[in-house]
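User: I'm new to this and would like to learn how to read a fold. Could you walk me through it, one feature at a time?

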Amino acid sequence: MKILMSNGTMTEAGFDEVLGRKAFWHTSAHVLAQAVKRLYPDTKCAIGPAIENGFYYDFEFDFPFSEEHLKTVEDEMKKVVEASLPLQVYEVEKEEAAAYMSKHGEDYKRELIQELPAGEKISFYRQGEYTEFCKGPHISNTCHLKAIKLLSVAGAYWRGDEHNKMLTRIYGVSFPKKSLLKEYLYQIEEAKLRDHRKLGKELGIFTLMEEGMGFPFFLPKGMVLKNLLLEYWRDIHQREGYQEISTPIMLNRHLWETSGHWEHYRETMYTTVVDETEYAIKPMSCPGGMLVYKQEPHSYRSLPLRYAELGLVHRNEKSGQLHGLMRVRAFTQDDAHIFMTEKQVIDEIRNVAELIDEVYKKFGFEYHVELSTRPENSIGTAEEWELATQALKSAMDIQGIPYSVNEGDGAFYGPKLDFHLRDSIGRTWQCGTIQLDFQLPQRFEIEYTGADGEKHRPIMIHRVLFGSIERFIGILIEHYAGKFPVWLSPIQVKILPVSDKYLPYAKEIQSDLKKAGIRVEMDTRTEKLGYKIREARMDKVPYMIIVGEKEQADRTVSVRQRDAEDAAQDMGEMALCKLIKLIQECCHEWESSEIRAE
């Protein structure tokens with residue numbers, strides 16, 4: 001596709017590239033606004049960006065707009081597409097742009113323009129009769145929008161401020177092929193069945209309560225799952241030469257000013273006052289890691305130095321953005337900070353990339369990589385950013401890992417590689433990241449003694465594998481639809497006695513399974529066996545052991561798998577030791593190979 005940039009130049013990008021998707025969905029948002037203005041001319045337009053999966057637009061209607069109106073708007077959007085309207089871009093002075101918006105009653109647009117620096121040129125995009133002030137990018141013609149679907153309507157405060165007017169937000173998605181829309185709509189329906197909030201509650205993994213919005217409660221089975229992930233995390237980090245540290249959850253304002261977070265991240269930080277000094281609860285762990293590094297002198301011989309931390313961090317997310325475990329206000333970040341010499345940078349990036357690859361393959365995830373470059377609010381020199389960006393590119397090229405470029409989306413202190421994993425129904429999630437940082441070592445004045453006996457500044461990598469333990473658990477719940485592999489299942493076996501008469505033998509079995517390190521539960525309720533089996537299947541337990549008269553007499557167990565639909569699919573009667581061996585082998589297989597989600 002041809003992409004029209006705000007400076008009037010054209011470039012090429014496919015829908016499978018970041019720039020192509022952004023331009024495609026951004027143009028779709030403009031088409032939505034054009035259709036709305038045709039149907040309801042008195043409507044005021046606010047903002048309409050491309051988002052991770054589609055686009056939205058915020059409007060102020062003079063009537064109660066609801067989902068019943070979506071079909072009408074969608075049909076009008078299709079007329080805009082069929083008209084094959086070319087997009088044009090031009091620039092005007094700030095004052096002229098503000099006057100234009102005032103003339104057309106677009107108060108929200110005028111407000112945005114008035115906040116721009118004096119004398120700045122404002123870019124406008126035009127398609128047919130519709131004109132929008134916008135930075136772009138956009139596709140060259142509306143005819144490329146072959147498949148459009150408006151998905152939902154929601155309320156949204158102007159600029160996310162609850163003191164401002166409530167606007168109507170319309171969400172949509174579009175694709176260059178109808179088959180891609182069909183696939184996406186399937187994903188939506190499948191995602192509803194896999195919703196981790198619903199399954200998490202049903203399976204006893206976690207819950208959310210009004211007493212702590214955005215602060216998840218992990219239940220006993222959830223803690224088993226979480227601890228299994230943490231044990232795995234510790235094992236691979238110990239193997240790779242990381243030293244685990246723990247830094248305080250709250251540190252004083254001076255530290256956050258030094259790191260730059262107070263200036264660039266203040267709105268998301270929780271603060272308090274201790275002994276008349278302002279403190280902040282950490283939104284990330286890196287400044288604390290810097291203080292640990294400074295506790296003792298370092299030589300080039302001790303580098304690279306790899307610190308790993310399971311840091312509990314807090315971020316003041318807006319209530320409307322909270323979503324189960326995917327977007328929370330408190331989470332455990334599996335952070336690590338690597339201090340190294342300039343010569344070690346590429347090898348360390350490659351080592352982290354290999355570790356991320358190993359972790360994702362363990363859970364059956366494919367992934368793609370994005371390189372995010374210097375943002376507008378960055379710190380540091382252009383030369384430092386160029387060096388860091390080229391180092392990330394070189395490491396990926398040497399590893400033979402393809403990547404796309406996401407311009408201007410790096411961290412404020414450095415460029416980054418983001419790893420987007422693909423789950424079993426085709427959705428992508430950004431989890432792992434590698435961020436190269438020249439800035440914090442300078443701000444904290446950390447040093448090492450080189451081979452020349454002189455003091456040098458180390459370079460630093462920030463990286464995570466899971467990203468957030470809580471969010472990764474949410475992704476796993478949906479990836480497996482709650483049917484965790486045997487090694488990861490909070491309960492691996494459920495014992496179902498036919499009646500109380502067989503409880504003593506069932507307890508013997510339970511004891512033997514526990515001794516073998518197998519996680520087991522027993523259903524002692526006085527319910528019929530069929531009901532117990534259905535309940536165990538709803539709990540998605542990998543194996544069910546049925547204990548009755550024959551099993552007790554033969555000192556055996558009857559085993560049923562969670563996906564067995566009828567008695568013909570039962571694993572049948574066997575010695576308990578055989579089942580124990582089967583489960584242990586299954587868990588060992590997970591330790592040494594890649595298993596795909598069902």
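Analyst: Gladly! Two strands pair if DSSP finds at least two bridges between them; helices (H or I, at least four residues) and strands (E, at least two) are DSSP runs, numbered from the N terminus. This is a predicted model: local features need pLDDT of at least 70, side-chain atom pairs count only at pLDDT 80 or more, and totals for chains, interfaces and linings use all residues. Residues are numbered from 1 along each chain as its sequence is written, and side-chain values use heavy atoms, leaving out hydrogens and water.

User: In which sense do strand 20 and strand 21 pair?

Analyst: Strands of a sheet pair through backbone hydrogen bonds, either parallel or antiparallel. Here strand 20 (residues 366-372) joins strand 21 in the parallel sense, over four bridges. Within that pair, E370 stands opposite S404 in strand 21.

User: Which strands form the open sheet, and in what order?

Analyst: The order is 14-18-19-26-23-22-20-21, eight strands with mixed pairing. At the edges are strand 14 (243-244) and strand 21 (403-406), each pairing on one side only.

User: Which residues touch the most other members of the largest nonpolar core?

Analyst: In soluble globular proteins, nonpolar side chains tend to be buried together. A nonpolar core is a set of buried (under 20% relative accessible area, 1.4 Å probe, protein chains only) Ala, Val, Leu, Ile, Met, Phe, Trp, Tyr and Cys residues joined through side-chain atoms within 4.5 Å. The largest has 83 residues, and those touching the most other members are I349, F363, I434, L436, F472, L513 and I545. Helix 11 (residues 345-362) gives the most to this core, with eight residues. A second, separate core of 36 residues includes F24 and V81.

Note on methods:
Buried means under 20% relative accessible area, exposed over 50%, partly exposed in between (1.4 Å probe, protein chains only).
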